[in-house]
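Trainee: I have a new structure to look through, and I would like to go over a few of its residues. May we begin once it is on the screen?
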Amino acid sequence: MKIAVVGAGIAGIATAFELMEAGNEVCIYEQHRTAGEEASFAPAGLMWPCAINPWGATAFQQALRLGLHRPAFAELDTHGSVLSASRRWARKYHAIAKKHNDVESIGALQELELLSMQRLQHAQELFDIDAQFNAGLLLPLRKEPNAAALYELTRRLSAAHVDYKQCTEAEARALEPGLATEIRMAGALHLPQAWAGNGRLFSQGLLQALQGHGLQLLTQHAVTRIQPQNQGVRLVTSAGERDHDAVVLCAGEHTTALLQAVGIRLPAAPIHGYSVSIQIAEQSLAPRGSIIDLENSMVLTRQGTRLRISGGAELGWQDSPERTEEARHQLISVLLEWFPGSIQRSQSVLQTWRGVRTAVPDGLPVLGATGAPGVWINAAHGGYGWGLSIGCAHHVRQLLMGQTSTVDAAAFALGRFD
Ligand SMILES: Cc1cc2nc3c(=O)[nH]c(=O)nc-3n(C[C@H](O)[C@H](O)[C@H](O)COP(=O)(O)OP(=O)(O)OC[C@H]3O[C@@H](n4cnc5c(N)ncnc54)[C@H](O)[C@@H]3O)c2cc1C
């Protein structure tokens, strides 16, 4: 089949990989001059396990609120006075977080993340992309969480079959010798098999490899309309019209508008967050693996010789230099609090980024058929888009090729909102 993919972020590139491997001819349409300019630009980089991602499935955040003080930056920050749609979305999000039985979501996510890890390994066997992969994750507990919060955390990890160890402060310091001596800890959780990596490097490497195998990438081609035909679909773009047998929408936050134009509603909202990347000044004092600051919902990862700290969740706020500066300040302060010797205070930040997590209220991706003939979706990955990228793409490939997926298709189908 001749298949179009709209969007050259991590989801679109992974989808192209999977569809090409299944023998299809694939063309990616990208509105920008280069790939990976939007949500896939500088995410934190956590890949596995999803159950621990602070901005993942909503119920996790609710569980953490049981016992840990969380300042404003760690909450969903809704600017609802202007946008009533944001208010409605946030109400749904909070309602689901309150009553959601997350065991089902964890089970479905777990299938998807297992598939992602298998497919990533397969892609690595083929292309051996250096994406600064890094193992190990520590969750330091600054104060004794109440029993309910700790129970929630460990229950989620057990439900997701994630190996973890409860550590003393001394054990946590042995794992991460750069941890500030001033900080007292009630202990920590250590996940030795957790993974992080640089999604942008991976997707660039994958894109290059696929171009060598016949992938067509049309940059500066904004898709303005999708028209299902009797057979196949027509894409109307800023540079003319083209017909394909099918199209997969991997357009990140713009997927909603593209679907709306064919009469289909995707109840997704753009939740903005920030990351700061900064050069490591002293290797021995920098984190060895990833760190999650549970109180602030911030994630700290290593990206080669750089550190990246990421956090914040805004809904309805416009991009502004003041808010970006405030976020930059908060992120660097937290980094310096945990690992004061790892960077130089005076050192200039290499990159401050504001990006979007496109999410539906239940926090799970939306994958599969859309209801419009020939139009498929791989979007709304929330805080998991890099970690789950190849698994989501493989699942969509199986559905599109008429095969049975190993993943619970109903859990991720657009139809779950009917
Ligand atoms: C602060 C932050 C931290 C994060 N941390 C993590 C993490 O630790 N782990 C994790 O797994 N995920 C994380 N994420 C989420 C992850 O970054 C996203 O889920 C992922 O990058 C989404 O990829 P995508 O390809 O779907 O979207 P995008 O990267 O946004 O790609 C969509 C592409 O489609 C193109 N496009 C859109 N409309 C059109 C059109 N009409 N025509 C042509 N092209 C179009 C866009 O230009 C863009 O290139 C984080 C996100 C943020 C904001």
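Mentor: Let us begin with Asn 296, which is buried because its relative accessible area is 14%, under the 20% cut-off for that class. Please keep in mind that this is a predicted model.

Trainee: Where is the place of Asn 296?
Mentor: Asn 296 sits in the loop between β14, residues 290-293, and β15, residues 298-303.

Trainee: And what does the side chain of Asn 296 make a polar contact with?
Mentor: Its partner is the side chain of Asp 293, at 2.9 Å.

Trainee: Moving on to Asn 24: buried or exposed?
Mentor: Asn 24 is buried, as its relative accessible area is 8%. This residue lies in the loop between α1 (10-21) and β2 (25-29).

Trainee: Which backbone oxygen lies 2.9 Å from a polar atom of the Asn 24 side chain?
Mentor: That oxygen belongs to Leu 19.

Trainee: Let us change topic to charge. Which residues form a positive surface patch?
Mentor: Arg 88, Arg 91, Lys 92 and Arg 265 form a positive surface patch.

Trainee: In which helix is Lys 92 found?
Mentor: Lys 92 belongs to helix α3, which covers residues 84-99.

Trainee: Why does Lys 92 count as partly exposed?
Mentor: Lys 92 counts as partly exposed because its relative accessibility is 42%, and that class lies between the cut-offs of 20% for buried and 50% for exposed.

Note on methods. Residues are numbered from 1 along each chain as its sequence is written. This is a predicted model: local features need pLDDT of at least 70, side-chain atom pairs count only at pLDDT 80 or more; totals for chains, interfaces and linings use all residues. Side-chain values use heavy atoms; hydrogens and water are left out. Patches are made of residues with over 30% relative accessible area and no salt bridge: like charges are joined within 9 Å, nonpolar side chains (Val, Leu, Ile, Met, Phe, Trp, Tyr) within 5 Å. Accessible areas come from the Shrake-Rupley method with a 1.4 Å probe; for residues, only the protein chains shown count as cover. A salt bridge is a side-chain nitrogen of Lys or Arg within 4 Å of a carboxyl oxygen of Asp or Glu. Lys and Arg count as positive and Asp and Glu as negative; His and the chain ends are not counted. The place of a charge is taken as NZ of Lys, CZ of Arg, CG of Asp or CD of Glu. Helices (H or I, at least four residues) and strands (E, at least two) are DSSP runs, numbered from the N terminus. Buried means under 20% relative accessible area, exposed over 50%, partly exposed in between (1.4 Å probe, protein chains only). A polar contact is a pair of N or O atoms within 3.5 Å; within protein, one must be able to donate a hydrogen and the other to accept it, and residues adjacent in sequence count only if both atoms are side-chain atoms.
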